[in-house]
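Me: Could you go through this model with me, a few spots at a time?

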Amino acid sequence: GAITYMYIQVMAAPGKTVKHVDQATAVAFEDQQKINLFARKNARLVDLQDEIAAKKKELQNLEDASDDLMLNDDQDPIPYQIGEVFIHMSSEDTQEYLEKGKIALQEELTKLQVDSDEINGILSDLKVQLYAKFGDSINLEVEES
């Protein structure tokens, strides 16, 4: 394959530089493909981490609501938001909906974590291959900005 000389700088997410080469380095096509794959997977990992954080916050909100509901000894109907509307339900029905919501979120979090772990494995393999080839010429660590 043809070898080209290029400057490697790939953006993983806005404001975060993933790679950087100080001087021109010989980059074969398959190496460039690995670098591009690394950038795509790293960007997906950032998205997954954001999604996981949002789901954890949502789960915490449901747990807080469930705790507050247990302390509520009032028999008045509870307004429960479904989509854009509020439905008034009994305390028991509201508790049941909260539990179902928590279970669904736990399942989603588990799937997101599995996806995240899988991508981390791919990134680790790519790091080993790319650092073996380019050494200090390439930086695959995310720089917080």
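Reply: What follows is a short exchange about a few residues and strands. This is a predicted model, in which local features need pLDDT of at least 70 and side-chain atom pairs count only at pLDDT 80 or more, while totals for chains, interfaces and linings use all residues. Residues are numbered from 1 along each chain as its sequence is written, and side-chain values use heavy atoms, with hydrogens and water left out.

Me: OK, D31 then: buried or exposed?

Reply: D31 counts as buried, because its relative accessibility is 5%, where buried means under 20% relative accessible area, exposed over 50% and partly exposed in between, with a 1.4 Å probe and protein chains only.

Me: And what is D31 in contact with?

Reply: Leaving aside neighbours within four places in sequence, D31 is in contact with L130, K133 and F134, contact being heavy atoms within 4.5 Å.

Me: Switching topic, how many aromatic pairs?

Reply: The count comes to one aromatic pair, taking rings of Phe, Tyr and Trp (its six-membered ring) with centres within 6.5 Å, where planes under 30 degrees apart are stacked, over 60 edge-to-face and the rest tilted. Y80 and Y97 form this tilted pair, at 5.4 Å centre to centre and 50° between the planes.

Me: Where do Y80 and Y97 lie?

Reply: Y80 lies in strand β5 (residues 78-82) and Y97 in helix α2 (residues 91-134), so the pair ties together parts 17 residues apart in sequence. Y80 is buried at 14% relative accessible area, whereas Y97 is partly exposed at 39%.

How values were computed: Helices (H or I, at least four residues) and strands (E, at least two) are DSSP runs, numbered from the N terminus.
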